Amino acid sequence: MRRLIPLAFMAGLLTMAGTLEAQDMNGTWTLTYSQAGRQGGQAREVSMDVTFQQDGSAITGTALMAMPGRPGGPGGQPGAAREPQEIAISDGKMDGNDFTFSIARGMGERTMTLVYSGTVSGDTMVGTMAMTGGRMDRPPIPFKGVKKEG
């Protein structure tokens, strides 16, 4: 019986150590969230690709974001989307399975910052995105992410 207690204790420690191991965010992920429609219009699903480089607890990388158009935009189409832009992520941190990072987008004289926080498990992530800056302060909205193969 005395031998079983230390063995059970060691097995428990090994199990806990496996769950505390930090997740690997390296690679390209597709993040998706639902964006409310303008003036009560229908919500639409928005996706973007984010490529992360993780070095210990530090996360860097870039996001490929579609930029919304404005009335009279490209091709004269109201609200026509412009070419996606590659934007650097900042303030990226990893703590076990929890992460946070920001993306700042310039909009004329204003800057809108998207702050992402959540949890990663293997090839999936879930969390919230908060928008701040100028007139864009909004409550956090949920997002999900899936790591791309390759």
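## Contacts and overall make-up

Residues 24 or more positions apart account for 38% of the contacts with a separation of 6 or more in the protein. Contact here means heavy atoms within 4.5 Å. The model is predicted: local features need pLDDT of at least 70, side-chain atom pairs count only at pLDDT 80 or more, and totals for chains, interfaces and linings use all residues. Residues are numbered from 1 along each chain as its sequence is written, and side-chain values use heavy atoms, with hydrogens and water left out.

The protein holds one helix and eight strands. Read from the N terminus, the order is α-β-β-β-β-β-β-β-β. Helices (H or I, at least four residues) and strands (E, at least two) are DSSP runs, numbered from the N terminus.

## Surface and burial

The accessible surface is about 9,900 Å². Carbon and sulfur atoms hold 55% of that surface. Areas come from the Shrake-Rupley method with a 1.4 Å probe; for residues, only the protein chains shown count as cover.

Of the 150 residues, 27% are buried. Buried means under 20% relative accessible area, exposed means over 50%, and partly exposed lies in between (1.4 Å probe, protein chains only).

Strand E5 spans residues 98–107. Strand E6 covers residues 110–121 and pairs with E5 in the antiparallel sense over ten bridges. Strands count as paired if DSSP finds at least two bridges between them. Met-107 has Arg-110 in E6 as its bridge partner. Two residues sit between the strands of this hairpin, and Gly-108 takes a positive phi near 65°.

E6 also runs antiparallel to strand E7 (residues 124–132), joined by nine bridges. Here Val-120 has Met-125 in E7 as its bridge partner. The E6 and E7 hairpin again has two residues between its strands. Gly-122 in that turn has a positive phi of about 65°.

## Ser-102 and Asp-91

Ser-102 lies in E5. The residue counts as buried because its relative accessible area is 7%. Beyond its neighbours within four places in sequence, Ser-102 contacts Ala-88, Ile-89, Ser-90, Asp-91, Thr-113, Leu-114 and Val-115.

Asp-91, one of those contacts, belongs to strand E4 (residues 82–95). Asp-91 counts as exposed because its relative accessible area is 52%. Its phi is near 55°, a positive value in a residue other than glycine. In a regular strand, side chains alternate between the two faces of the sheet.
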